[in-house]
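Please look over the sequence and the structure shown next before reading on.

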Amino acid sequence: MIHLKTNAEVELMRESALLVSAALSEVAKFLRPGITSMQADQLAETFIRDNKAVPSFKNYRGYPFATCISVNDAVVHGFPTDQVLKEGDVVSVDVGVFKNGFHGDSAYTFAIGSIPDEVKSLLRITRESLYKGIEKAIAGNRVGDISYAVQEHTEKKAGYGVVRELVGHGLGRHLHEDPQVPNYGRKGAGVKLKEGMVIAIEPMINLGVRDVFHDKDGWTVRTKDSSPSAHYEHTICVRKNRADILSSFDMIEKMEKSNPNLDSSYY
Ligand code: MF3
Ligand code: CO
């Protein structure tokens with residue numbers, strides 16, 4: 001069942017989504033070679049709790065951490081670990097918060113130091129595909145229009161692997177609500193989009209093949225061919241002429257650009 005949100009509810013969701021963005025920018029400030037993803041997770045959790053919110057992922061279906069931190073061949077749902085991050089790592093950070101009864105959900109992929117040109121292109125094109133999808137998230141279109149736009153930009157144009165096993169989703173009082181929002185599909189297919197529908201659009205794109213497998217921790221999803229993967233996610237509200245993006249990359253980009261340990265020259 002799809003829960004349409006009132007304008008007042010959308011504003012509460014904006015607050016949750018922007019808190020996610022702020023948590024991601026705290027992580028962007030902190031990321032550098034030599035720290036561990038566990039430290040980044042703890043920083044984000046403290047920040048979320050200091051802001052009178054709860055990390056949505058912690059204990060969700062048994063997930064043990066506040067964030068998902070997926071490094072290199074990890075696609076999503078990466079466990080924070082005590083492994084130190086190093087120059088050349090591609091680090092996807094996914095954060096959710098629950099505040100005032102509503103969830104916000106957003107993710108961003110960072111490059112620690114310099115990364116190969118082909119990985120820079122993967123990051124740029126994945127993030128472009130997120131916005132291509134968002135452009136289609138208007139009332140009267142269908143979920144398939146979003147899916148098609150993402151797939152077209154990444155798989156068809158760039159030859160990347162679009163992960164099939166994981167999808168975007170509606171959200172609100174629950175972290176995952178209907179509808180599912182795949183990153184592959186057909187124009188004009190699927191559920192019709194209505195004003196007040198809030199969804200998370202989240203392309204998960206591999207430099208190599210689309211196939212993935214679950215790590216022995218039971219959560220971390222990795223590429224079958226060990227190629228690097230990128231993940232960007234926004235919480236958005238469907239509107240008449242243009243979607244309202246409730247999360248924001250502005251703060252994250254600002255921190256990223258002022259952090260000499262991160263490469264942001266590629267977008
Ligand atoms: N953004 C991801 C999702 O919507 C993160 C969920 S992680 C989990 O599925 F631990 F909560 F499952
Ligand atoms: Co999500």
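Two strands are said to pair if DSSP finds at least two bridges between them, and the strands themselves (E, at least two residues), like the helices (H or I, at least four residues), are DSSP runs numbered from the N terminus. This is a predicted model, in which local features need pLDDT of at least 70 and side-chain atom pairs count only at pLDDT 80 or more, while totals for chains, interfaces and linings use all residues. Residues are numbered from 1 along each chain as its sequence is written, chains are lettered from A and ligands numbered from 1 in the order in which they are written, and side-chain values use heavy atoms, with hydrogens and water left out.

**Strand β4 and its partners**

In the hairpin of β4 and β5, two residues lie between the strands, and Asn-100 takes a positive phi near 50 degrees. Strand β4 covers residues 90-99, and nine of its ten residues are buried, where buried means under 20% relative accessible area, exposed means over 50%, and partly exposed lies in between (1.4 Å probe, protein chains only). Ten bridges join β4 to strand β5 (residues 102-111) in the antiparallel sense, and within this pairing Val-93 stands opposite Tyr-108. Strand β4 also pairs with β2 in the antiparallel sense, over five bridges, with Val-71 opposite Val-91 of β4. A further antiparallel pairing, of two bridges, joins β1 to β4, and here Val-97 in β4 is the bridge partner of Pro-55.

**The sheet of five strands**

An open sheet has five strands in the order β8-β7-β9-β14-β15, with antiparallel pairing. Its edge strands are β8 and β15 (244-245), each of which pairs on one side only. Which residues cover the two faces of strand β9? In β9 (residues 198-201), Val-198 and Ala-200 on one side and Ile-199 and Ile-201 on the other are all buried. In a regular strand the side chains alternate between the two faces of the sheet.

On one pairing of β9, two antiparallel bridges link this strand to β7 (residues 168-170), and Ile-199 is the bridge partner of Gly-170. Four bridges join β9 to β14 (residues 234-237), again in the antiparallel sense, with Val-198 standing opposite Cys-237. Strand β14 in turn pairs with β15 over two antiparallel bridges, where Cys-237 stands opposite Asp-244. At the β8 edge of this sheet, Pro-179 lies in strand β8 (residues 177-181), and a cis peptide bond, with omega about 0 degrees, joins Asp-178 to Pro-179.

**The sheet of three strands**

An open sheet of three strands has the order β6-β10-β13, and its pairing is antiparallel. The edge strands are β6 (161-162) and β13 (229-231), each pairing on one side only. Two bridges join β6 to strand β10 (residues 204-206), and Gly-161 stands opposite Asn-206 in β10.

| Residue | Phi | Relative accessible area |
|---|---|---|
| Lys-52 | near 55 degrees | 71% |
| Asn-59 | near 75 degrees | 63% |

Lys-52 is placed in the loop between α2 (37-50) and β1 (54-55), and this residue is exposed. Asn-59 lies in the loop between β1 and β2 (67-71), and Asn-59 likewise counts as exposed.

**A positive surface patch**

Which residues form the positive surface patch? The patch is made of Lys-132, Lys-136, Lys-157 and Lys-187. Patch residues have over 30% relative accessible area and no salt bridge, and like charges are joined within 9 Å, whereas nonpolar side chains (Val, Leu, Ile, Met, Phe, Trp, Tyr) are joined within 5 Å. A salt bridge here is a side-chain nitrogen of Lys or Arg within 4 Å of a carboxyl oxygen of Asp or Glu, and the place of a charge is taken as NZ of Lys, CZ of Arg, CG of Asp or CD of Glu. Lys and Arg count as positive and Asp and Glu as negative, with His and the chain ends not counted, and accessible areas come from the Shrake-Rupley method with a 1.4 Å probe, only the protein chains shown counting as cover for residues. Lys-132 is placed in helix α3 (residues 117-135), and Lys-132 is partly exposed, with a relative accessible area of 33%.
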